[in-house]
Amino acid sequence: MKAHDLLDKLRAGERRALARAITLVESTRADHRHEAQKLLDAVMPDTGKAIRLGLSGAPGVGKSTFIEALGKHVTGLGHKVAVLAVDPSSARSGGSILGDKTRMEELSRDPDAFIRPSPAGVTLGGVARRTREAMLLVEAAGFDVVLIETVGVGQSETAVADMVDMFVLLQSPGGGDDLQGIKRGIMELADLIVVNKADGALEQPAKLAQSQLISALHLMRPRSANWKPHVLLTSALTNKGIGEVWDAVTNFETVMLETGELEASRADQARAWMWNEIREGLIEAFKAEPAIAAKVHKYEADVAAGKITPGAAADKLLKRFRHESD
């Protein structure tokens with residue numbers, strides 16, 4: 001795949017070209033990485049015009065159903081929605097195992113929606129390493145709402161919070177007395193908390209969870225000095241509260257734009273992204289160095305056997321990488 005073959009089709013919003021472009025940026029082949037970087041450099045002027053949402057929540061909270069309901073609501077208002085859904089990876093094949101297109105069947109048929117499941121791989125926090133680049137590509141293809149769904153396993157949701165404008169945390173009603181099990185760190189990342197499944201027998205437990213979450217938020221410092229996190233109730237199955245969620249998103253965007261915080265936040269994210277790429281590149285170069293490859297397994301075995309401390313082993317390998325004598 002060549003960048004120049006995809007560029008015009010991508011800008012025209014051709015879905016097949018977009019899918020191929022994302023496949024290109026996800027590839028680890030050196031020649032593909034070179035073409036991917038050329039493509040990303042070319043589309044940069046076409047990016048940055050979308051609202052970027054991150055969504056997380058524990059497995060079973062109804063993320064896919066909620067995203068489908070929200071996506072259909074937003075496309076109904078004339079927007080184009082891209083969902084980058086990061087699936088848990090199969091340990092055997094490395095591929096996605098949940099299959100978001102089958103879980104969002106109606107949204108996947110919407111001509112104004114694009115769903116791309118990607119395996120999380122070994123990336124901390126369940127965010128695929130190339131999710132940021134995929135986000136730029138869907139923006140260049142004309143999608144003005146980008147939603148990134150994380151695995152939601154509680155490892156490090158900072159990964160998604162640091163690449164989006166607004167972080168949405170989904171919660172289930174009846175999760176235990178005093179919101180047992182909710183991690184303070186994840187709640188502090190949230191710009192909006194949504195208690196889903198607020199219907200039928202779960203409606204009253206959902207209202208109780210909402211009041212508990214509101215009380216809990218009073219004890220936490222919000223991420224932004226200009227925005228106080230909201231706690232809303234929804235039922236994705238009945239579309240209850242979905243419009244209010246979108247209203248909160250648009251209000252958030254307005255406040256962040258008017259205060260200049262959106263621009264400042266994206267600038268900080270871009271710098272952090274650069275340093276993350278440097279770290280990833282250095283690790284790859286480190287592992288590819290012949291002097292390291294010849295000794296790394298020995299030091300790993302020695303560390304595992306308790307013959308040497310991890311710090312000492314790392315120091316010896318780094319000295320070999322720098323071609324320094326012990």
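Residues are numbered from 1 along each chain as its sequence is written, and side-chain values use heavy atoms, with hydrogens and water left out. Because the model is predicted, local features need pLDDT of at least 70 and side-chain atom pairs count only at pLDDT 80 or more, while totals for chains, interfaces and linings use all residues.

**Exercise 1.** Determine how α2 and α3 are oriented to each other, and which residues make their contact.

*Solution.* Begin with the elements, which are DSSP runs numbered from the N terminus (helices are H or I of at least four residues, strands E of at least two). The axes of helix α2 (residues 15-26) and helix α3 (residues 30-43) come within 8 Å and cross at roughly 125 degrees, where axes are lines fitted to C-alpha atoms, for helices over the stretch in contact, and angles run from 0 to 180 degrees between N-to-C directions. Angles under 35 degrees count as roughly parallel, over 145 as roughly antiparallel, 65 to 115 as roughly perpendicular and the rest as oblique; α2 and α3 are therefore oblique to each other. The contact (heavy atoms within 4.5 Å) involves Ala-21, Leu-24 and Val-25 of α2, together with His-32, Arg-33, Glu-35, Ala-36, Leu-39 and Leu-40 of α3. Sorted by class, this contact has six nonpolar, one polar and two charged residues, where Ala, Val, Leu, Ile, Met, Phe, Trp, Tyr, Cys and Pro count as nonpolar, Asp, Glu, Lys and Arg as charged, and the others, Gly among them, as polar.

**Exercise 2.** Determine the orientation of α2 to α7 and the classes of the residues in their contact.

*Solution.* Helix α7 (residues 131-140) packs with α2 at an angle of about 160 degrees, the axes being 9 Å apart, which makes α2 roughly antiparallel to α7. On the side of α2 the contact uses Leu-18, Ala-21, Ile-22 and Val-25, and on the side of α7 Glu-133, Ala-134, Leu-137 and Val-138. These residues divide into seven nonpolar, no polar and one charged.

**Exercise 3.** Determine the orientation of α4 to α11 and name the residues in contact.

*Solution.* The axes of α4 and helix α11 (residues 242-259) come within 10 Å and cross at roughly 70 degrees, which makes α4 roughly perpendicular to α11. Phe-66, Ala-69, Leu-70, His-73 and Val-74 of α4 meet Ile-242, Gly-243, Val-245 and Trp-246 of α11. By class, the contact has seven nonpolar, two polar and no charged residues.

**Exercise 4.** Identify the residues that line the largest cavity and the element that gives the largest share.

*Solution.* The lining includes Leu-70, Val-74 and Trp-246. α4 (63-76), β2 (81-87) and β4 (145-149) each give two or more residues, and the largest share, four residues, comes from α4.

Definitions and conventions:
On a 1 Å grid over the protein atoms alone, a cavity is a set of points where a 1.4 Å probe fits but cannot get out, and a pocket is an open set with protein on both sides within 12 Å along at least five of seven lines; lining residues have an atom within 4 Å of a point.
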